[in-house]
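Please read it with the coordinates open.

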Amino acid sequence: MDAHKKHTGECEAPAVCKACEARHGGICATLSSSQLVELNKHSTRRKVDPGNEVIGQGEHVGSYSNILNGVVKLSKMMADGRQQIVGLQFAPDFLGRPFYSESSITAEAATETEICSFPRPIIDRMVGEAPDLERKLHSQSLKELDEARDWMLTLGRKTAQEKVASFLYLIATHIDPDKGSATTFDLPLSRADIADFLGLTIETVSRQMTKLRKDNIIVIENNRHVIVPDPRRLRYAAGND
């Protein structure tokens, strides 16, 4: 019996997990090979087109997901139908809240997105079995809390130009988890969504984009493709320390 347990613990991770884009930075990095084998038996990889929901606000949570690539837009809707974008998630973020049976937000693909989904009961059980997994989820929650506080500062105190620069810096530093900071990327949100996210008008967003471009802080091609010649200048324009 002990030999069987040892063999199970030392079995190799599935090939698909070894090649996974989110394997080393996401929650799966905390799991043993045997746990990855079990999770892989129940996991499903799928692509989500821009504008399609991963889960809706108030829906029953039957599964959680790892974001493998792409950008997911998080929003909340009020009783009268008004909606507010409250956050963005990138690879290799974990999408969901363990032990919560109902989603408090709407998660929608902002770009072409690929996710790996797995049944909620399996992750809820593994959280109790794998302390490193619990710590990883706790760490992500604290990270999201810190980012939410930073974004409160952005929305409450920064100028319009600093807000737009902060948004661009957020994308540049999160869009490519392998590089850490990207100097070229496509905007994952429309001008209307950027305005909603920043609490500005579409016209103000466009004006500030133009000003950042004229100041040579960014280069914009085809209205969506952004080039950042010097990330330090963008960081400074965002009012970041």
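1. Gln208, leaving aside its neighbours within four places in sequence, is in contact with Ala160, Gln161 and Val164, where contact means heavy atoms within 4.5 Å. Gln208 lies in helix H8, and at 14% relative accessibility it counts as buried, the cut-offs being under 20% relative accessible area for buried, over 50% for exposed and partly exposed in between, with a 1.4 Å probe and protein chains only.

2. A word on the basis of these values: this is a predicted model, in which local features need pLDDT of at least 70 and side-chain atom pairs count only at pLDDT 80 or more, while totals for chains, interfaces and linings use all residues. Residues are numbered from 1 along each chain as its sequence is written, and side-chain values use heavy atoms, with hydrogens and water left out.

3. On the overall fold, the secondary structure of the protein comes to nine helices and eleven strands; helices (H or I, at least four residues) and strands (E, at least two) are DSSP runs, numbered from the N terminus. The C-alpha atoms fill a box of roughly 70 × 45 × 30 Å along the principal axes. The radius of gyration of the protein is 20 Å, which agrees with the value near 18 Å that a compact globule of 241 residues would have, where the radius is taken over C-alpha atoms and the globule rule is 2.2 Å times the number of residues to the power 0.38.

4. Of the 241 residues, 42% count as buried. Among contacts between residues at least 6 apart in sequence, 69% join residues at least 24 apart. The accessible surface of the protein comes to about 13,100 Å², of which 51% belongs to carbon and sulfur atoms, as given by the Shrake-Rupley method with a 1.4 Å probe.

5. Which residues of helix H3 are buried? In this helix, which spans residues 33–42, they are Gln35, Leu36 and Leu39. Seen down the axis of H3, these buried residues fall within an arc of 100°, so they line one face of the helix; the arc is that of the directions from the helix axis to the C-beta atoms. They pack against helix H2 (15–18), strand S8 (113–119) and helix H4 (120–129).

6. Asn40 also has its place in helix H3, but this residue is partly exposed, with a relative accessible area of 28%. Not counting residues up to four places away in sequence, Asn40 touches Pro14, Val16 and Cys17. The C-alpha atoms of Asn40 and Ser117 are separated by 9.7 Å, although the two residues are 77 residues apart along the chain.

7. The backbone deserves a check at the peptide bond between Ala91 and Pro92, which is cis, with omega about 5°. Pro92 is found in the loop between strand S5 (83–90) and strand S6 (94–95).
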